[in-house]
Amino acid sequence: VQLQAYGGGLVQAGGSLRLSCATSGSIFSIDVLGWYRQAPGKQRDVIATMTKDGSTNYADSVKGRFTISRDNAENTLYLQMNSLKHEDTAVYYCRADVRTSPWTSTDYWGQGTLVTVSS
């Protein structure tokens, strides 16, 4: 199983970006998907999660600005980021709680994509 995050880049404050996280491999189902970010010198924090039934949760810092979504048919995760701020600058990672069988669940991480917001 592999996760590949992409879509990062340089954007001005107030702008928008959409991150994608493509999954591949032998996947029976995906229980939880999430986006995390790590700013320079800081720990990696969770910013948005989505369960298999579509329930979402957001960190207070991004609530109302970021939207997590998934394409179940393609097993692809998205993060729409609007009204970006300089403090959103970070490497963004996707994570998936993947079942390769009904009895086996493993966490997988994407490689990270850099988002830089210029002020």
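**View A. The salt bridge between Asp 88 and Arg 37 in the predicted model.** In this predicted model, the side chains of Asp 88 and Arg 37 meet in a salt bridge, with N and O 2.9 Å apart. Asp 88 belongs to the loop between S8 and S9 whereas Arg 37 belongs to strand S4, so the pair ties together parts of the chain that are 51 residues apart in sequence. Asp 88 has a relative accessibility of 0% and counts as buried, and Arg 37 is likewise buried, with a relative accessible area of 12%. Through salt bridges that share partners, Arg 37, Arg 65 and Asp 88 are joined into one network.

**View B. The salt bridge between Arg 99 and Asp 31.** The structure holds five salt bridges, one of which is formed by the side chains of Arg 99 and Asp 31, at 2.7 Å from N to O. This pair links distant parts of the chain, since Arg 99 is placed in strand S9 and Asp 31 in strand S4, 68 residues apart. Arg 99 is partly exposed, its relative accessible area being 26%, while Asp 31, at 17% relative accessibility, counts as buried because the cut-off for that class is under 20%.

View C. Arg 70 is located in strand S7, which spans residues 66–71. When neighbours within four places in sequence are left aside, the residues in contact with Arg 70 are Ile 30, Asp 31, Leu 33, Met 50, Thr 51, Lys 52, Thr 76 and Leu 77.

**View D. The disulfide between Cys 21 and Cys 94.** The model contains one disulfide, which joins Cys 21 to Cys 94 with an S to S distance of 2.1 Å. The torsion about the S-S bond is about 65°, so this disulfide is right-handed. Cys 21 lies in strand S3 and Cys 94 in strand S9 (residues 90–101), so the pair ties together parts that are 73 residues apart in sequence. Cys 21 counts as buried at 0% relative accessibility, and Cys 94 is also buried, with a relative accessible area of 0%.

**View E. Strand S3 and its antiparallel partners S1 and S8.** Strand S3 (residues 17–24) is joined to strand S1 (residues 2–6) by five bridges, the two strands running antiparallel, and six bridges join S3 to strand S8 (residues 76–81), again in the antiparallel sense. Ser 20 of S3 can be followed to both partners, as Tyr 6 stands opposite Ser 20 and Ser 20 in turn stands opposite Tyr 78 in S8.

View F. Strand S4 (residues 29–38) and strand S5 (residues 44–51) run antiparallel and are joined by seven bridges, with Ala 48 in S5 as the bridge partner of Trp 35. Five residues separate these strands in their hairpin, and in the turn Gly 41 has a positive phi of about 75°. S5 also pairs with strand S6 (residues 56–58), over three bridges and in the antiparallel sense, and here Met 50 stands opposite Thr 56 in S6. The hairpin of S5 and S6 has four residues between the strands, and Gly 54 takes a positive phi near 95°.

View G. Most residues other than glycine have a negative phi. Asn 75, although not a glycine, has a positive phi of about 50°, and its place is the loop between S7 and S8. With a relative accessible area of 23%, Asn 75 is partly exposed. Ser 83, also a residue other than glycine, has a positive phi near 50° and lies in the loop between S8 and S9. Ser 83 is partly exposed, with a relative accessible area of 41%.

Terms used:
Residues are numbered from 1 along each chain as its sequence is written. This is a predicted model: local features need pLDDT of at least 70, side-chain atom pairs count only at pLDDT 80 or more; totals for chains, interfaces and linings use all residues. Side-chain values use heavy atoms; hydrogens and water are left out. Contact means heavy atoms within 4.5 Å. Two strands pair if DSSP finds at least two bridges between them. A disulfide is a pair of cysteine sulfur atoms within 2.5 Å. Buried means under 20% relative accessible area, exposed over 50%, partly exposed in between (1.4 Å probe, protein chains only). A salt bridge is a side-chain nitrogen of Lys or Arg within 4 Å of a carboxyl oxygen of Asp or Glu.
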